[in-house]
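Have the 3D view open as you read.

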Amino acid sequence: MPRDLVKGLAVLIAALASPLVICALLLPVRGTLSSTNVALILMFVVAAVATLGYRWAAALTALSAAAGFVFFFTTPYASFTRFSHPDDIITIGLLLAVGLAVAQLARRYTREHAIATTLQHSLLPRTLPDTSAVRTAFRYVPAEAEVSGDWFDVIPLPGFRTALVVGDVAGHGLHSAVTMGRLRTAVRNFSTLDLPPDELLARLDDLVVQMDAEEGASQGMTVGTTCLYAIYDPVSCSCAMASAGHFPPAIVYPDGRVEILDLPEGPPLGVGGLRFQAVDLQLPEGTQLVLYTNGLIVNRHRDIGAGLKLLRDALSNAGVDPEETCETLLEAVLPAHPDDDVALLIARTRAFPRDRIAEWDIPALPAAVPALRAEVLAKLTDWDLEEAAFTTELILSELVTNAIRHAAPPVHLRLLLDTSLALEVSDSSSTSPHLRYATAMDEGGRGIFLVAQFAERWGTRFTPTGKIVWAEQPTPSARLSPALASAV
């Protein structure tokens, strides 16, 4: 039998039988109770049934309570038309009125809960991208009461890197769901700037402070919202992450060793003025990175330490597949009746194939560019990318020449081949090129414009030692052996 049908039948039986059962239990002490006492008791019964969220159930309970009151607490019992006291009629009317009022409130609560749930589900990702960097799996378990603001995301970044995000908005209800959607959108927008995790969280913190200032006390504060942001690079197998008051991630190494990462816990979002600290660590290929929200670990029956111990024990027996690990964690760690939403994101790392990487150190001399072009074209031939040679040569010449003339050495070139061809030129300068629209009389300023026209996308990301200017272009004739296919 369908679960919803069983629940509906149970609510129907409770709505009809509860008032009658209460009346029967009160019958032995009928002489000591006034009509007001009985009416109040039955009103509480109506309200209790209404909390189940069914409008019709509250109305049926009110009718059943009125009928039970007439039959058990008026004289004669069997008469539904003769009453000895006028207040009996008033009591019956009050029972019906309260029942209908509670039914209306139940309808409004159910409607608001349905709107919040629908909004929350529409703002969460339905599927996650299967990137060259990680293989991911996720689970989202809503709380049994009000919806919360837990969220997660997987964001592809330039250079075939991947950002992993999990967060938890303080509070429950429609406001939390809306705030969650705004923050998830903000994280995606900030990720296009290719910021390090600590800088991204700093900008997100400023946004939360601004949101609280705009909304004021009437909408509830979002201070206390937490977030964890991580970036995994499959080329170097390194992961940079920072936390804004969030629970530390768990790491399952390929040899089965489990570690709860000792990540510096920054302040929650919305505090303002405090810095976040990022850490870098090496993750061997096949490592599982487990991100989660506090609903998985903490509830009213256990503390943080007990929850983390359950998590560690469950991960020690988990398999290598992220989907299997999700199921194992939910069975072993998830509370039977979650007080809060649970967001779980697991990513298994991949390493970029070395034969799909080509690198050159470039002398800071314009005369070195022709020889470099010849070496790059030879590498494209090895990769069966002769059709992309002209476009790559144009982009390469512009970016390398700009780095030699306007930046600071050392200058380095890297080609990455996967689902697209990425070209990265790094140098020691923090000056970023920008797109200009040259007029017909201008002698220069068209280089980056041409790069933007020929590349599928391009941009700049800053590093601790300088910057990287990158461009990506599609590779329709490349052999179908990207990093994704080579990963287990």
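Start with α5 and α6, whose crossing is right-handed (a crossing is right-handed if the near helix is turned clockwise from the far one by less than a right angle, and left-handed if anticlockwise). On the α5 side, the contact is made by H175, T179, R182, L183, A186, V187, F190 and S191, and on the α6 side by L200, R203, L204, L207, V208, M211, E214 and E215; contact means heavy atoms within 4.5 Å. Sorted by class, this contact has nine nonpolar, three polar and four charged residues. Helix α5 spans residues 174-191 and helix α6 residues 197-215, and their axes come within 10 Å, crossing at roughly 145 degrees. Here axes are lines fitted to C-alpha atoms over the stretch in contact, with angles from 0 to 180 degrees between N-to-C directions. Helices are DSSP runs (H or I, at least four residues), as are strands (E, at least two), numbered from the N terminus.

The model is predicted: local features need pLDDT of at least 70 and side-chain atom pairs pLDDT 80 or more, while totals for chains, interfaces and linings use all residues. Residues are numbered from 1 along each chain as its sequence is written, and side-chain values use heavy atoms, leaving out hydrogens and water.

Now look at α9 (residues 369-382) and α10 (residues 389-406), whose axes come within 10 Å and cross at roughly 145 degrees. This crossing is right-handed. Among the α9 residues that meet α10 are V369, L372 and R373.

Finally, find H337 in the loop between α8 and β11. H337 counts as exposed because its relative accessibility is 55%, with exposed meaning over 50%, buried under 20% and partly exposed in between (1.4 Å probe, protein chains only).

Conventions: Ala, Val, Leu, Ile, Met, Phe, Trp, Tyr, Cys and Pro count as nonpolar, Asp, Glu, Lys and Arg as charged, and the others, Gly among them, as polar.
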